[in-house]
Amino acid sequence: MGIKTSQSYQKEVLEKYKSEKGREMSFYLAQPTPSQIREACLVLLEKRKSKNDQKILNRFFQFRNEEDRIKEIQNFDGDKFKPIVNFLKGGVKKTHVKNIELISWLIDFQPRPLQEYLKSDSSISEEEPEKLEIFDEPNDEKEKKKQEEKKRRFEKLNRKEEEKEKRTKRWRNIIISIGVAFGITMLILGVQRWSSYFPKNNSGDFGCMTWADSLYVVVSCDKSPLSKYGTQVKPLDKRELKNMRRVEVTAAYDFFTVTGKPRIWYYKNDEDLYEYFTAPGLHPINGETLKKITPYIIHKYVPVHTNKKSSFAQ
């Protein structure tokens, strides 16, 4: 076996941990966290309390009141357990001697502490152990500055990420707001347009129409069932109101569109007289279906001219 040193002490403590994961304390130490390290210390406080163990605990926790060590461990800064966690998980290769000492206590490494371990090597004098505590910890100014610079870079990166997330969230909210506003506007316009196809209610407003000799006129719905024209009052149909007319025609009337579609529909009444209308559908009075004009009807029944005075040459 080689000469025992602080480095070999650290190596042997770590090897014991890796092989046993704390053995009886493996519940806390197999996958350690700062809070689990704290809990393990509380569990072992009254179990492992030799004189040397008291030195290890005092050095690490720096108890102010020996009577209330449990409370002091409970309130101990959790960040101070992080170097131990990092070392056990392989995040760092070295750590301060006080951390190694606490680990040796937690996993019941023997002999401990470091001084007892070094004394077991006859080639080392009793004065030498104090000189061999050389575990690294970022206490020197250069290492502290390096750690602080790394922390600043990390914090700066976090701030950039937070600002980016805030900008993304702000734009997302703007887009959502625009979308909601657009949706509401389209909904209102849609409702208005949809409602325009329906007659108004029967509360006395002009939501109905009736036939008045040669066209439909708007009337109040409370005039139902018959208007002053003696015709049926029915719900307002804007298209029919606009397009349906009874007209007088002559052979010179423009009966068809350029594509051959009819412009006139007709109805033959009980007196064998022909009535002509400008839209298809039902007869405004009797509800009979109107027929579209044909060349035969034009030739057979449409007069060459009207009987109005203006139709004859002077």
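These legends describe close-up views of a predicted model. Local features need pLDDT of at least 70 and side-chain atom pairs pLDDT 80 or more, while totals for chains, interfaces and linings use all residues. Residues are numbered from 1 along each chain as its sequence is written, and side-chain values use heavy atoms, with hydrogens and water left out.

**View A. Charged patches.** Lys164, Lys166, Arg167 and Arg170 form a positive surface patch. Lysine 164 lies in helix α9, residues 141–195. Helices are DSSP runs of H or I with at least four residues, and strands are runs of E with at least two, numbered from the N terminus. Glu161, Glu162, Glu163 and Glu165 form a negative patch. Patch residues have over 30% relative accessible area and no salt bridge, with like charges joined within 9 Å. A salt bridge is a side-chain nitrogen of Lys or Arg within 4 Å of a carboxyl oxygen of Asp or Glu.

**View B. Glutamate 161.** This residue is also found in helix α9. Glutamate 161 counts as partly exposed because its relative accessibility is 46%. Buried means under 20%, exposed over 50%, and partly exposed in between (1.4 Å probe, protein chains only).

**View C. The two faces of β6.** Strand β6 spans residues 274–277. Tyr274 and Tyr276 point one way, Glu275 and Phe277 the other, and all are buried. In a regular strand, side chains alternate between the two faces of the sheet.

**View D. Partners of β6.** Strand β4 (residues 246–247) pairs with β6 in the antiparallel sense over two bridges. Pairing requires at least two DSSP bridges. Valine 247 stands opposite tyrosine 276. Strand β5 (residues 265–268) also pairs antiparallel with β6, over four bridges. Here tryptophan 265 stands opposite phenylalanine 277.

Conventions: Patches are made of residues with over 30% relative accessible area and no salt bridge: like charges are joined within 9 Å, nonpolar side chains (Val, Leu, Ile, Met, Phe, Trp, Tyr) within 5 Å. Accessible areas come from the Shrake-Rupley method with a 1.4 Å probe; for residues, only the protein chains shown count as cover. Lys and Arg count as positive and Asp and Glu as negative; His and the chain ends are not counted. The place of a charge is taken as NZ of Lys, CZ of Arg, CG of Asp or CD of Glu.
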